[in-house]
Amino acid sequence: MHLTINGEQRNFDPPMTVEQLLGEIGLDPRKVAVERNLEIVPKSNYAGVPLDDGDRLEIVHFIGGGAPDEAKAKEPQSLSDDDTWEVAGKRFKSRLIIGTGKYTDYEVNRLAAEAAGSEIITVAIRRVNLDDPSKPLLVDYLDPKKYTYLPNTAGCFTTGDALRTLRLAREAGGWDLVKLEILGDERTLYPMMPETLEATETLTKEGFQVMVYCSDDPIMCKRLEDVGAVAIMPLGAPIGSGLGIQNPVNIRLIKEQSAVPVIVDAGVGTASDATIAMELGCDGVLMNTAIAEAKDPVRMARAMKAAVEAGRDAYLAGRMAKRKYADPSSPLAGLI
């Protein structure tokens, strides 16, 4: 029996079910999702779905001086256990979301995630390695019971590819909370907003909770929220550029108009960039390259955690007013 698995021709002795195929290859059915002839095979049906000659299958998995102005003094706010944020009915304390790509290995990724204190990690959906099925998987290092996996559509350039990817992700792990990104071109990796809007609406109707990577256009962000996005994720700068937030005015406008969380996604290069995002009032920051490509990813992860917390605290504290002229820190009354 001739089968095409992840684009490779393989021969097997019939009869054979999906469950038997996975066993023959050496894959754990709990850690993968299977698509047969463009239709997802539910995990509960693996044992009952026979394979036919010519079938095409995809098998995927996840990767101080002076005195205060008493008239303006307020009760201090701090990053207490009450300072949490919520998305799709789930509450989180950490406002730093990290990706799982570009690390030298899964162990470094694990250590960075722990140092960052993240509760949500993004994961990509990719084909399993048929030549080495025993190769470690992401789930072996980052436990889905400890972290909230956020499957994303990294690398998708069409609505069809994005929908297919997230449907497979839901079958692989049962996750409805997902991150949608549909890219416009390979050079800038800017989001293709018309298709992003279309896919958001479709996924929402299918029961997905969609966090959306998008441009920093306030009008388009509002439309995404209107069709069901549970979080708006405008880019600070192109993905992987490390340029920092290029349009803080638009980010602030998006935050002011949104009833759902706003997460700066992409473009962060160092800790100060993360702090700026939080000082703008954003609910969180998502980053990957800034940590993974640092000379010391674990140390950078710790720095990013501190930066996000500092920016959040500064936002809650309230920035001093900007003045045109100097204002002495120490009172002049009683000067010798």
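Reader: Which residue forms a salt bridge with Arg 10?
Author: This is a predicted model. In it, the closest N and O atoms of the pair are 3.3 Å apart. A salt bridge needs a side-chain nitrogen within 4 Å of a carboxyl oxygen, so the pair qualifies. The partner of Arg 10 is Glu 8.

Reader: Is Arg 10 buried, partly exposed or exposed?
Author: Its relative accessible area is 23%. Buried means under 20% and exposed means over 50%.

Reader: Glu 58 and Arg 127 meet in a salt bridge; what is the N to O distance?
Author: The two side chains meet directly. Glu 58 is buried, at 16% relative accessibility. Arg 127 is partly exposed, at 44%. The N to O distance between Glu 58 and Arg 127 is 2.7 Å.

Reader: How many residues apart are Glu 293 and Lys 102?
Author: Their side chains form a salt bridge at 3.8 Å, N to O. The pair links distant parts of the chain. Glu 293 lies in the loop between α8 (289–292) and α9 (297–317), and Lys 102 in the loop between β8 (96–98) and α2 (106–116). The separation is 191 residues.

Reader: Is Glu 293 buried or exposed?
Author: Exposed means over 50% relative accessible area. Lys 102, at 49%, counts as partly exposed. Glu 293 has 54%, so by the cut-off of 50% it counts as exposed.

Reader: How many salt bridges does the structure hold?
Author: Some of them join up: Glu 107, Arg 110, Glu 114 and Lys 146 are linked in a network. The count for the structure is 22.

Reader: How many salt bridges run between domain 1 and domain 2?
Author: Domain 1 covers 2–61 and domain 2 covers 85–317. Glu 35 and Arg 164 meet in a salt bridge at 2.4 Å, N to O. Between domain 1 and domain 2, the count of salt bridges is three.

Reader: What area is buried between domain 1 and domain 2?
Author: The size of an interface is often given as the accessible area lost when the parts come together. Carbon and sulfur atoms give 61% of the area here. Lys 31, Ile 40 and His 61 supply 33% of what domain 1 buries against domain 2, more than any other three residues. The buried area is about 1900 Å².

Reader: Which strand gives the largest share of the side of domain 1 that touches domain 2?
Author: Five residue pairs are in polar contact across this interface. On the side of domain 1, β2 (8–11), β3 (33–36), β4 (39–41) and β5 (56–62) each supply at least two residues. The largest share is four residues, and it comes from β5.

Reader: How many residues of domain 1 take part in the contact with domain 2?
Author: The centres of the domains are 31 Å apart, taken over C-alpha atoms. Domain 2 brings 16 residues to the contact. The side of domain 1 divides into twelve nonpolar, four polar and seven charged residues. Domain 1 brings 23 residues.

Reader: Lys 179 makes a polar contact with which side chain?
Author: Lys 179 is found in strand β12 (residues 177–180). At 4% relative accessibility, Lys 179 is buried. Leaving aside neighbours within four places in sequence, its contacts include Thr 122, Met 211, Tyr 213 and Asp 265. The polar contact, at 2.9 Å, is with the side chain of Glu 181.

Key:
Residues are numbered from 1 along each chain as its sequence is written. This is a predicted model: local features need pLDDT of at least 70, side-chain atom pairs count only at pLDDT 80 or more; totals for chains, interfaces and linings use all residues. Side-chain values use heavy atoms; hydrogens and water are left out. Domain bounds come from an automatic or database domain assignment. Contact means heavy atoms within 4.5 Å. Buried area is the accessible area (1.4 Å probe) that two parts lose on being put together, summed over both. A polar contact is a pair of N or O atoms within 3.5 Å; within protein, one must be able to donate a hydrogen and the other to accept it, and residues adjacent in sequence count only if both atoms are side-chain atoms. Ala, Val, Leu, Ile, Met, Phe, Trp, Tyr, Cys and Pro count as nonpolar, Asp, Glu, Lys and Arg as charged, and the others, Gly among them, as polar. Buried means under 20% relative accessible area, exposed over 50%, partly exposed in between (1.4 Å probe, protein chains only).
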